[in-house]
Amino acid sequence: MTNPYAIETNDLTKYYGTSAAVDHLNLKIPYGSIYGLLGRNGAGKSTTIRMLLNFARPTCGTCSIAGCDSQQLTPELLTKIGYINEGHKLYGSMKIKEIQQYQAAFFPDTWNSKLFDEMIDFFELSKNKKIKKLSNGQRAQVSLALTLAPDPEILIMDDPTLGLDVVVRRQFLEGMIKLIQRKGRTILFSSHILSDVERVADHIAIIDQGRLRADCTTEEFRSAVRKLIIHFDNTPPQEMNIPGLLHHRCNEHIIEAILIAPPEDALNQWCKDNNANIHSEVEMSLEDQFIEYTITPTKRHLFSWDKY
Amino acid sequence: MPLWIQIAPGSKQPVYKQIFDQVSQQIAQGKLNTGDKLPAVRNLAAELVVNPNTVARAYSLLEQKGLVITKTGAGTFISDPKLKDPDMQQISIINDRFDNLISQAVNIGMTGEQIRELFEKRLSQFNKLDDIHGDKTND
């Protein structure tokens, strides 16, 4: 394998009118990883995924899957890619057994009927049931079985667990773990449920207003974003140039600072120079960290009843 | 006694730390004994529904701290606690934790006697400590 990346984007950009949905995105996803794509609604996650699969054309820049430009994906290569769209849109008039045959035809060499049947049995679904008669969760289960049955080398999922109950959500996570344990498989998925992301993703990428804001291992992100409570002997300085500071909130002699991977020595030196001491560190969940990392500091709270 | 690990979703503790903490606690409580084999990384990952790299990270941290040893091809086993001495840095971390706990206890109005009593009670839960201590005195 000459190209080490399963998925790669180079300055990938997409404009809708005058606004950039995706803005010079450079993402490199190595084989064998589970990449969680995070970002708020409208951040550009779906647009990125759509360009990867050639459902949308980049305004400029390029993207590729398995070393092949997304606009030149061959049928042969497409059989190695699994894709699950948001909302699990499937042909409603087909029965499960019909959609199975339909899907299998696209994967003549790799379709695994036994695996598909096993999953449908496990989900306690009848293969004679029509797709439109299924609940959202059941439709998602069919979509998972359809996508995993050909044993995809690269799996791309756009918010696959949106609106699903906890049991179906867990089944999706299990499917991902089972797949990744097969050698060289790669998964890219977007999600808003950060506890799921933390569980299965070894890397996270955060997109904010079309731009890549973070791209690292989940563990690196977990240890990099820190919230410290800092006490000042006197009035805190006007210029809060703490090393690694992202933003801070001030309350007289105390500040609450969100820092990104502050170098320990530089931080201690800064405290010494400014008559400050670190009172404590507030532990954060991945969700807390994501919020602190992506919010506009001046827009912390929705509104206050007191004002009205 | 099989390994029993529960991952708390959305916890403030990273997942690898949760696994590390729970295994080391079970070793301290004598639920896991010297020579016990830990599940293979891929099996535990599948069971807990977490990324295999996360389990591998927890195992390597356990190994780094001397709690387990990995024998190539054979698996990961609980190591013999008598073979390792707590180093000074680890002791100072424990000291800090004690200080935190004691000040919390004092803040909610507990007396020294009550704290001592509670400590003894908790300590008696860790039945393995007596064995270790006994063995060390005999050496």
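Let us begin with helix 2 and helix 3 of chain B, whose axes come within 8 Å and cross at roughly 120°. That angle makes helix 2 of chain B oblique to helix 3 of chain B. Please keep in mind that this is a predicted model. The crossing in which helix 2 of chain B passes helix 3 of chain B is right-handed.

Which residues meet there? From helix 2 of chain B come Val41(B), Arg42(B), Leu44(B) and Ala45(B), and they meet Pro52(B), Val55(B), Ala56(B) and Tyr59(B) of helix 3 of chain B. Sorted by class, this contact has seven nonpolar residues, one charged residue and no polar ones.

I turn now to burial. Within helix 2 of chain B, the residues Val41(B), Leu44(B) and Ala45(B) are buried. Viewed down the helix axis, the buried residues of helix 2 of chain B fall within an arc of 105°, and therefore they line one face of the helix. What do these buried residues pack against? Their partners are helix 3 of chain B and helix 6 (166-180) of chain A. Just after helix 2 of chain B, Val49(B) takes a positive phi of about 55°.

Finally, we consider the contact between the two chains. Chain A gives 20 residues to this contact, and chain B gives 17 residues. On the side of chain B that touches chain A, the elements giving two or more residues are helix 1 (15-28), helix 2 (41-48) and helix 3 (52-64) of chain B. By class, that side of chain B has 10 nonpolar, four polar and three charged residues.

Methods. Residues are numbered from 1 along each chain as its sequence is written. Chains are lettered from A and ligands numbered from 1 in the order in which they are written. This is a predicted model: local features need pLDDT of at least 70, side-chain atom pairs count only at pLDDT 80 or more; totals for chains, interfaces and linings use all residues. Two residues are in contact if their C-beta atoms, placed from the backbone, lie within 7 Å. Helices (H or I, at least four residues) and strands (E, at least two) are DSSP runs, numbered from the N terminus. Ala, Val, Leu, Ile, Met, Phe, Trp, Tyr, Cys and Pro count as nonpolar, Asp, Glu, Lys and Arg as charged, and the others, Gly among them, as polar. Axes are lines fitted to C-alpha atoms, for helices over the stretch in contact, and angles run from 0 to 180 degrees between N-to-C directions. Angles under 35 degrees count as roughly parallel, over 145 as roughly antiparallel, 65 to 115 as roughly perpendicular and the rest as oblique. A crossing is left-handed if the near helix is turned anticlockwise from the far one by less than a right angle, and right-handed if clockwise. A residue is buried if 20 or more other C-beta atoms lie within 10 Å of its own, exposed if 12 or fewer, and partly exposed in between; C-beta atoms are placed from the backbone. The arc is that of the directions from the helix axis to the C-beta atoms.
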